[in-house]
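Please find below a colleague's note on the structure under review.

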Amino acid sequence: MLQLEHLMKTYKVGDTITHALNDVTINFRNHEFVAILGPSGSGKTTLLNVIGGLDHYDSGDIIINGKSTKNFTQTDWDAYRNNTVGFIFQSYNLIPHLSIIENVELGMTLSGVDSKERHEKAIAALKKVGLGEHIYKKPNQLSGGQMQRVAIARAIANDPDILLCDEPTGALDTKTSKDIMKIIKELSKDKLVIMVTHNPELADEYASRIVHFQDGKILSDSDPYTPPKDVKDTFHLKKTKMSYWNALKLSFTNIMTKKGQTFLTAFASSIGIIGIAIVLALSHGFQKQIDETQTKTLAQFPISISQTATDLSANSNREKSNNKNVKYRGYLTAAIPDNEKNTHQNHITQAYLNYIKKINPAYANNISFIRGTQLNLLSNNDGKISKVEFSNTNNSQNSLASAQLQSMNTMGINTNVFPTTLDSKKNSFLKTNYQLLEGKWPKASTDVVLVLNNKDEANLNALTNLGLKVKDGQKIDLSKLIGKKFKLVTNNDYYQKLSTGTYVPKTPDQAMYNSASTTITLAGVIRSKNNSQMALLDNGIAYSDNLTKKIINQNKNSEIVQAQKNSNLNVLTNQPLANSQKEQLLASLGGSSLPSSILIYPTSFDSKDKILSYLDKWNKGKKSSAKIIYTDMSGTVTQLTGGVLSGITTVLVAFAGISLITSMIMIGILTYTSVLERTKEIGILKALGARKRDITRVFDAETFILGAFSGVLGIFIAYLLTFPISAIIYNMTDMPNVAQLDWLQAIILVVIATILTMIGGHLPAKMAAKRDAAEALRSE
Ligand code: ADP
Ligand code: MG
């Protein structure tokens, strides 16, 4: 039972005040068919909207089943619309992108009825209005009468107590109007039907009660009703709630009706994503290239600390004025040449060595200590004893005076000593950078290996030194070499002192061979792995630095070493020696355990900088003669370091980010347009009991779909673009596969695109939810 008490509703537009409802008091029975007749603008629609909760009265009260609505909250009204009233409009107000059955189900979808029950109820309602077929058609495929039947089915599907019909036959011909009236009359048997109409004949024919309305007032009532004195409150509401899933489905069907528009929108807004993805892909690829180039460069140009260094810092002041001629002053100045002036003697001490060994292994791939120690080796080829020279260069002459100096004269990488110093696992330097072709990896310090180049060539001199008689181009079976043995002779057995006081190597013979206690074995033949940047060993024989240490241990107290320590002449030639030369000579004789030079191979330019500042720290506060000066050979190499790249990347991402923001604003505008376009739909949803939040949810869901789609589309396009971009860059620079999408970044980008789009669309979605339902439905 519905009671209206002194209802007032006033509209104010500018200075015009319209009393749409002017003190309306009327009571309705639970089951009756009330027709409201009245001229246009008399307030009939307003009355229905206020009864239906689409619009709210200014004062008075609506009492439903004994319950006053004065204290109804917004959610109460939403629930009231959803399960107490059903609306039928002149213009049907079906949602065009939903099928017939979905339109009918919509109210129940909003109130959270499960899909099976929803479907059954919807079919029952459609049967009731005589529409068993066509249920999967879209509204625009039906006739007006059929559409109005769908609207009626929708209104009654949730089984409301009150049916509100606003000129339901206004757009229909007489015959169809009568059909619709019959249906409504039938429904009024167990519902309260309040119908506004222009047509007095129809009202006379079908309605059970006729109310005349004018200027917001009731003029006459054919069958007034006085309710019993105290009506018990039997009203009860079921709260509505639309699930996210249903919001998504609703938005999805809407999006599917405008595929072209959606695709274009998504494409336009994906451009930002494409931009960022491409920039990141390129940066990713370039970073890889840079890392590789860095290691390669640093492997070729290690930090070197040798006995003689050039102090470049001494130069810097003079360099500035270098280009300009001074004014001729009429005299000349005597000057020591720069290169001499800047020559610095490094005294590598045990303390410094310990300091170097503390360099963080993460910063340096490898540290080589070049000791320049001479190996006194003998080979026995079928009884023929001969010397074996493991020279580091092609120069196979035993010129001890310049011993090992050449190892430093080029870039310092002519070394055949593989480090075991910094390796935690034995031979890990060899195993990570080399492949074993034949034989075994060296285990003992007395195991040596033959290093081939990548064409499997061995240095002819190295082979000759091993005692093999070979010609250029000759092919040699590796197994012949494996296991070949040599004898390591101590200085005391190797050198003899002449009466002049000089020492000379003895002629090798069987006795010398037998005297040697150390046997050296050629354990294996190795070659660098493909693309190994740190395969530093020269083509030839390579041995571990532990062997060097062993030799130094054997020889540091030998006669020749003692003699050399006490003499300023070269004990081998009797020639005078400079201080630095003496140290070198001692080192080559195994008289010094200190290395003549140190090579440090940083892992990257960044770690190189760290190592350099670590080395600089050593010199702090030291006298200039005690300083140790290193040479940074990679310093001259142009550095495109990761830092520069990430700077460039940031700038580019920022630019691309702007287009992402632009597309976000665009989505906002599009959502707003969509809101305007779908004003009617919002009204219908509200009439069916949708809460504000449900409306927001529907539009949020739509922008979510749009955002996610544009993100995925953007990543997909960017992925496709990486191929031609890589091809172009390969053509220009020979760098393969530079554009590489990182999948984690791709996923993050899709998420960002979705979130940004949702942010952009959320404001219009909120605006949509705030729209006045009554106004929304009035708009045509
Ligand atoms: P009817 O349905 O009987 O033709 P309405 O209820 O639609 O009449 O309108 C009653 C009066 O209220 C009219 O004068 C109309 O212009 C006015 N009116 C209706 N809605 C609004 C509104 N949202 N703002 C201002 N005036 C309104
Ligand atoms: Mg009207």
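The points that follow concern confidence, salt bridges and a nonpolar surface patch.

1. The model is predicted. The mean pLDDT of the protein is 83, and 90% of the residues reach 70 or more. Over residues 316-321 the pLDDT is below 50, and this stretch has two contacts in the model beyond near neighbours in sequence. Residues 392-414 also have a pLDDT below 50; beyond near neighbours in sequence, that stretch has 44 contacts in the model.

2. The whole structure contains 17 salt bridges. A network of these links Arg29, Glu32, Arg209, Asp221 and Asp223.

3. Glu32 is buried, at 4% relative accessibility, whereas Arg29 is partly exposed, with a relative accessible area of 21%.

4. Glu32 also forms a salt bridge with Arg209, at 2.8 Å between the closest N and O atoms. Because Glu32 lies in strand 3 (residues 32-37) and Arg209 in strand 9 (residues 209-214), the pair ties together parts that are 177 residues apart in sequence. Both Glu32 and Arg209 are buried.

5. A further salt bridge joins Glu105 and Arg118, whose closest N and O atoms are 3.4 Å apart. Glu105 belongs to helix 3 (residues 100-110) and Arg118 to helix 4 (residues 115-128), so this pair ties together parts 13 residues apart in sequence. Glu105 and Arg118 are both buried.

6. Phe263, Leu264, Phe267, Ile271 and Phe709 make a nonpolar surface patch of about 470 Å². Helix 9 (residues 259-300) gives the most to the patch, with four residues. Phe267, which lies in helix 9, is partly exposed, with a relative accessible area of 35%.

Note on methods:
Residues are numbered from 1 along each chain as its sequence is written. Chains are lettered from A and ligands numbered from 1 in the order in which they are written. This is a predicted model: local features need pLDDT of at least 70, side-chain atom pairs count only at pLDDT 80 or more; totals for chains, interfaces and linings use all residues. Side-chain values use heavy atoms; hydrogens and water are left out. Patches are made of residues with over 30% relative accessible area and no salt bridge: like charges are joined within 9 Å, nonpolar side chains (Val, Leu, Ile, Met, Phe, Trp, Tyr) within 5 Å. Accessible areas come from the Shrake-Rupley method with a 1.4 Å probe; for residues, only the protein chains shown count as cover. A salt bridge is a side-chain nitrogen of Lys or Arg within 4 Å of a carboxyl oxygen of Asp or Glu. Helices (H or I, at least four residues) and strands (E, at least two) are DSSP runs, numbered from the N terminus. Buried means under 20% relative accessible area, exposed over 50%, partly exposed in between (1.4 Å probe, protein chains only). pLDDT is the predictor's confidence in each residue, from 0 to 100. Contact means heavy atoms within 4.5 Å.
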